[in-house]
Amino acid sequence: PPKGGEVTSQVTIRATATNFVPAGTYFVKINGAVSSPGGTIVRNSSIATLNVPDFEFTVTPSSQTVIRQTATDLTEKTTPFDLNLNFKGRFTAPVSFRVVGLPSLGVDSRWVVPATFATTGTTKVTLQITTKSYTDLGTFTLTIYVSGGGLEKFQQVTLSIQATTQG
């Protein structure tokens, strides 16, 4: 700068890595320096904060029981599992959902996501599982995955499908 002048600068810090960057708050020390013929003079220093966004989620209920309908009953049964997502920091990445462990026959699943899905604060998403008269019987451990921003987290729930008792 000219004598008596002033220089300002802006520093942008981003968490980029080919490997996983754990969520959290990181402190970065930034020193300002001026070089002159007499050497380098540190004018000031400050601490910058780097926040790596994170999320967590819960699933309710943790277990559901469905009574499978008979072959003559054409009614499908829909069983919901609600995911409550809590986003932390400035989470801006797309988020995806998947479920593993469903019975192999007679089951459809779909995700009900709000039209105005927001990755700030708390958001609710519902997994709807539809069973039919030929759905496999048994107790199934379902693993629900939520992925986004380089993170993948999971929760497990139980889905029990039982035969109807006809009198």
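Colleague: Which residues does Phe57 touch, not counting residues up to four places away in sequence?

Modeller: This is a predicted model, and Phe57 is one of the residues with the most contacts inside the largest nonpolar core. Leaving out residues up to four places away in sequence, Phe57 touches Leu83, Asn84, Leu85, Ile144, Val146, Lys153, Phe154 and Gln155.

Colleague: How many residues does the largest nonpolar core have?

Modeller: Nonpolar side chains tend to be buried together in soluble globular proteins. Here β3, β5 (77-88), β6 (96-100), β8, β9 (138-148) and β10 (151-162) each give two or more residues to the core. Those with the most contacts inside it are Phe57, Leu83, Leu85, Leu142, Ile144 and Val146, and the number of residues in this core is 24.

Colleague: Which residue of β8 is the bridge partner of Ser109?

Modeller: β7 and β8 pair in the antiparallel sense, over six bridges. In β8, the partner of Ser109 is Ile129.

Colleague: Why is β9 largely enclosed by the rest of the structure?

Modeller: A residue counts as buried under 20% relative accessible area. β9 has 11 residues, and it is largely enclosed because the number of them that are buried is eight.

Colleague: How many bridges join β9 to β10?

Modeller: β9 pairs with β6 in the antiparallel sense over five bridges, and there Val100 stands opposite Thr143 in β9. β9 and β10 also run antiparallel, and one of the bridges pairs Gly138 with Ile161 in β10. The number of bridges joining β9 to β10 is 11.

Colleague: Which residue in the hairpin of β9 and β10 takes a positive phi?

Modeller: Most residues other than glycine have a negative phi. The hairpin has two residues between the strands, and the positive phi, near 60°, belongs to Gly149.

Colleague: Is Thr123 buried or exposed?

Modeller: Thr123 lies in strand β8. Not counting residues up to four places away in sequence, Thr123 touches Leu83, Asn84, Leu85, Phe87, Pro114, Phe117 and Ala118. Its relative accessibility is 7%, so Thr123 counts as buried.

Colleague: Which backbone oxygen does the side chain of Thr123 reach?

Modeller: Ala118 is among the residues that Thr123 touches. At 2.7 Å, the side chain of Thr123 reaches the backbone oxygen of Ala118.

Colleague: How far is the backbone oxygen of Phe91 from a polar atom of the side chain of Thr119?

Modeller: Thr119 is found in the loop between β7 (107-112) and β8 (121-131). With a relative accessible area of 15%, Thr119 is buried. Not counting residues up to four places away in sequence, Thr119 touches Phe87, Phe91, Thr92, Ala93 and Val95. From the backbone oxygen of Phe91 to a polar atom of the Thr119 side chain, the distance is 2.5 Å.

Colleague: What kind of peptide bond joins Thr60 and Pro61?

Modeller: Most peptide bonds are trans. Pro61 has its place in the loop between β3 (54-60) and β4 (63-67). Omega for the bond between Thr60 and Pro61 is about -10°, and the bond is cis.

Technical notes
Residues are numbered from 1 along each chain as its sequence is written. This is a predicted model: local features need pLDDT of at least 70, side-chain atom pairs count only at pLDDT 80 or more; totals for chains, interfaces and linings use all residues. Side-chain values use heavy atoms; hydrogens and water are left out. Helices (H or I, at least four residues) and strands (E, at least two) are DSSP runs, numbered from the N terminus. Buried means under 20% relative accessible area, exposed over 50%, partly exposed in between (1.4 Å probe, protein chains only). A polar contact is a pair of N or O atoms within 3.5 Å; within protein, one must be able to donate a hydrogen and the other to accept it, and residues adjacent in sequence count only if both atoms are side-chain atoms. Contact means heavy atoms within 4.5 Å. A nonpolar core is a set of buried Ala, Val, Leu, Ile, Met, Phe, Trp, Tyr and Cys residues joined through side-chain atoms within 4.5 Å. Two strands pair if DSSP finds at least two bridges between them.
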